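Trainee: Could you take me through the salt bridges in this one, slowly please? I'd like to know which residues pair up and where they sit.

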Amino acid sequence: MDLDLRKIRYFVAVAELLHFGRAAERLHIAQPVLSRQIRALEKDLGAPLFERDSHGVTLTAAGRQLLDDSWQLLAIADATRLRVRRAAGGPRQLVVGFRAGVVVTRALRAFGAAHPDVEALARRVEWDDQERLILDGTVDLAYVRRPIREQGLTLLALFSEARVAMLPADHRLAGKPELALADLADEPRLRYADPRPGELPIRTIEEKFESVASGAGITLVPESVAEQYSRPDITYVPVPDAERDEVLLAWEASRRSPLITAFARLAPLADPARAEEP
């Protein structure tokens, strides 16, 4: 039995909204049609996906499992469609994602020298979309930082680096030769994945600058970020006992691309940690 991706998309809409009527409106189909498609999917899978009663709709254990798997399944399908269109539209490309602070120039040049018929492009990714952009085909592989959702990805550890405190230039701890985590224990920290109600998540280094400079809080960033990004109203202080930041190369686990394989082989020899070596 092959899974029908259209039914999976219908299922995700219902699972996210837990309401057949609103899901049908989102999908621009009639509710009876949606109900039939969900029943057909349950028959295909041999398991009930929703509990329906007078109180509403809830996911069964099987439904929760399918929802966990659906985002990766749909992302891979979308990525395949994107890569096919890209291949039909012109010369071969390899799109390499990178996080702020990670320099990919050396790796791209080495790859380009070995594969002059392939256009190697760089695109910045952020902490909250690094997995999605790999799985949906926007980038072919990416230099990512932990934490990362590993499902559906192959990860190759490259290097780690120290973290430093990002502080306002007039902060009481600015100018210290180094700090310990204990020195920062009472300092307000910037919030990322779990903003308070009404707050927007902080995504980019530029947003960190604005938040720190305005006094909203401090944060720890990789040493490479401090080396590459500076502002007169921001200062950095080493924090030797902070957990090191780990950089990995990631790509979709099911892909069998010789270009990805070739890039992954040279990346450990051309990573930013070795940039100053002869």
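**A close look at the salt bridges**

Mentor: Let's start with Arg231, which counts as partly exposed because its relative accessible area is 24%. Keep in mind that this is a predicted model. The side chain of Arg231 meets that of Glu210 in a salt bridge, 2.7 Å from N to O. Arg231 lies in the loop between helix 8 (223-228) and strand 9 (234-238), while Glu210 is in helix 7 (residues 205-213), so the pair ties together parts that are 21 residues apart in sequence. Glu210 is partly exposed too, at 47% relative accessible area.

Why pair up at all? Side chains of opposite charge can do so when their charged atoms come close.

Now on to Arg146 and Glu246, whose side chains form a salt bridge with an N to O distance of 3.0 Å. This pair links distant parts of the chain, 100 residues apart: Arg146 belongs to the loop between strand 5 (141-145) and strand 6 (153-161), and Glu246 to strand 10 (residues 245-252). Arg146 is partly exposed at 33% relative accessibility, and Glu246 is partly exposed with 27%.

Next comes Asp136, which has a salt bridge to Arg132, with 3.2 Å between the closest N and O atoms. Here Asp136 is buried, because its relative accessible area of 16% falls under the 20% cut-off. Arg132, on the other hand, is partly exposed at 43%.

Salt bridges can also join up into a network, and here one links Arg145, Glu161, Arg163 and Asp245. Altogether, the count for this model comes to 20 salt bridges.

Key
Residues are numbered from 1 along each chain as its sequence is written. This is a predicted model: local features need pLDDT of at least 70, side-chain atom pairs count only at pLDDT 80 or more; totals for chains, interfaces and linings use all residues. Side-chain values use heavy atoms; hydrogens and water are left out. A salt bridge is a side-chain nitrogen of Lys or Arg within 4 Å of a carboxyl oxygen of Asp or Glu. Buried means under 20% relative accessible area, exposed over 50%, partly exposed in between (1.4 Å probe, protein chains only). Helices (H or I, at least four residues) and strands (E, at least two) are DSSP runs, numbered from the N terminus.
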